[in-house]
Amino acid sequence: MRQVDRDTCMHCSACVGTCPFDAITLFDMHIVFNEKCVDCSMCDRVCPVGAITPIPGTERMKPKIRATT
Amino acid sequence: MDRVDYEVLVVGAGPGGSCAARAAAKAGLKTLMVEKRQEIGTPVRCGEGIATAWLNDIGVKPEGDWIANEVDGARIFSPNEQYLTLDASQAGNETGFVVERDLFDKFLAREAIKEGADVWIKTNALGLIHENGKPVGVTARRLNKDIEIRAPIIIAADGFESRVGLWAGIKTQLKPSDIEACLQYRLVGVDCDKRYNDFYVGSNHAPGGYLWVFPKGEGEANVGIGVSLAKSPGLATAKVWLDKWIKRHPGYAKGKSIEDVAGAVSVSQPLKRTVANGVMLVGDAARLVDPLTGGGVANACVSGVFAGEVAKAAWDAQDFSERFLQLYEKKWRDALEEQLLRNYLAKETLGRLTDEQLDKIVDALQSVRIEKVTTLEILRAVQAKYPEIVKEFEALLAG
């Protein structure tokens, strides 16, 4: 699972459009992850300000996105 | 759930959405445009440098409060910061504007409203409503209420983060090498030359992308960066690269930011399919961003107008099927596809060049005067001095 640092986040939706699994939604000023997240970490990589990080100890072992890169 | 009925629904009130809504309303269709944000045009997610020639194509006069600065040309800086100046006459007399995107987006929304379109802000589309397997509208959250918005034609102008296309079964996902993470500061009190838009290329400036300085006026500029997801080493973010560049450039390091802009942009080939039953994707949602420059506004507007016009044709024919809406797909492909594919190839080729090769190219071009900047002219000039580099561009030369 991922977490968003709300003080750093600029609500730009870069993660929303990058997520290959439709797992992220922007509601007004906050980013919400849904159960479709597989911890592929694309959102960490695209976030221009580095606001998204894994929640330690919760990452799934499913780097599915590798297959499409 | 409350329900409203329209003839056309446009999701997203960026330039593409407003141009679509304007065209549909002008054609006499009952049109609603919804926008999830509380204010059209903000937060800005754009470098704000645009070309000007296409404005005429969408019937917009180049005047108004949304123009911040008119530039004479562009300067391309190599990794070692030698630069090449391209003036308007070399680019087919095409000058450029640095705009105020928040004002430009509001201007276009006003144009849509003047033609009779309804606009709802703070309205978030949540999903498509299907009937008999076909989309007939969207459910949306407006203020604290869910509402059904029914429309046989839905124009998805929902930008980089497009959801509507996915919901309609269109594959909109991008690969990392086709995504640029972007960050920009609007810096006040800098030493910029307001006559030129500057572009810095190379892996020391912006891996897999470029850094830009677009002057908003005297002493004020958008300084921003796009970094490829596939090329930025480690987990370095766009912010890390932008801050590093600014620190190295004292003329900019002394500036103060009055606006920070974040976002991402697709630098991909256009989608293979941009229509579904009752649905048309325009602009960034259809991945119509120019993959070489990352500019999306012009193609969004042009495709938006096409979508609005095809909505009218669909109503006249009473046919909202994917097959009929392929008319929209044909229109934008005829107008835009060739250049998008060529520039995708150019982007991929440039991405393979080393910093040393980029330095040589700029060096070769500095010593000759190119009358008209075309890919071929550039390649010939480089070939004269560094023939080995041109080998990389064989595919472009053949095309």
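Visitor: How many residues of domain 1 of chain B are in contact with domain 2 of chain B?

Guide: Two residues are in contact if their C-beta atoms, placed from the backbone, lie within 7 Å. Here, 12 residues of domain 1 of chain B are in contact with 13 residues of domain 2 of chain B. This is a predicted model: local features need pLDDT of at least 70, side-chain atom pairs count only at pLDDT 80 or more, and totals for chains, interfaces and linings use all residues. Residues are numbered from 1 along each chain as its sequence is written, while chains are lettered from A and ligands numbered from 1 in the order in which they are written.

Visitor: Where do the domains of chain B lie in its sequence?

Guide: Domain bounds come from an automatic or database domain assignment. For chain B it gives domain 1 (2-65 + 100-173 + 269-341), domain 2 (176-266) and domain 3 (346-398). The centres of domain 1 and domain 2 of chain B, taken over C-alpha atoms, are separated by 29 Å.

Visitor: How many residues does each chain bring to the contact between chain A and chain B?

Guide: The size of an interface is often given as the accessible area lost when the parts come together. Counted in residues, this contact takes 24 from chain B and 21 from chain A. Helices (H or I, at least four residues) and strands (E, at least two) are DSSP runs, numbered from the N terminus. On the side of chain B that touches chain A, strand 14 (179-188), helix 4 (238-248) and strand 18 (256-266) each supply at least two residues.

Visitor: Which residues of helix 8 of chain B are buried?

Guide: A residue is buried if 20 or more other C-beta atoms lie within 10 Å of its own, exposed if 12 or fewer, and partly exposed in between. In helix 8 of chain B, the buried residues are L358(B), I361(B), V362(B) and L365(B). Viewed down the helix axis, the buried residues of helix 8 fall within an arc of 90 degrees (taken from the directions from the axis to the C-beta atoms), so they line one face of the helix.

Visitor: Which residues have the most contacts inside the largest nonpolar core?

Guide: A nonpolar core is a set of buried Ala, Val, Leu, Ile, Met, Phe, Trp, Tyr and Cys residues joined through C-beta atoms within 7 Å. The largest has 134 residues, and I155(B), A156(B), M280(B) and V282(B) have the most contacts inside it. Helix 6 (residues 297-317) of chain B gives the most to this core, with 11 residues.
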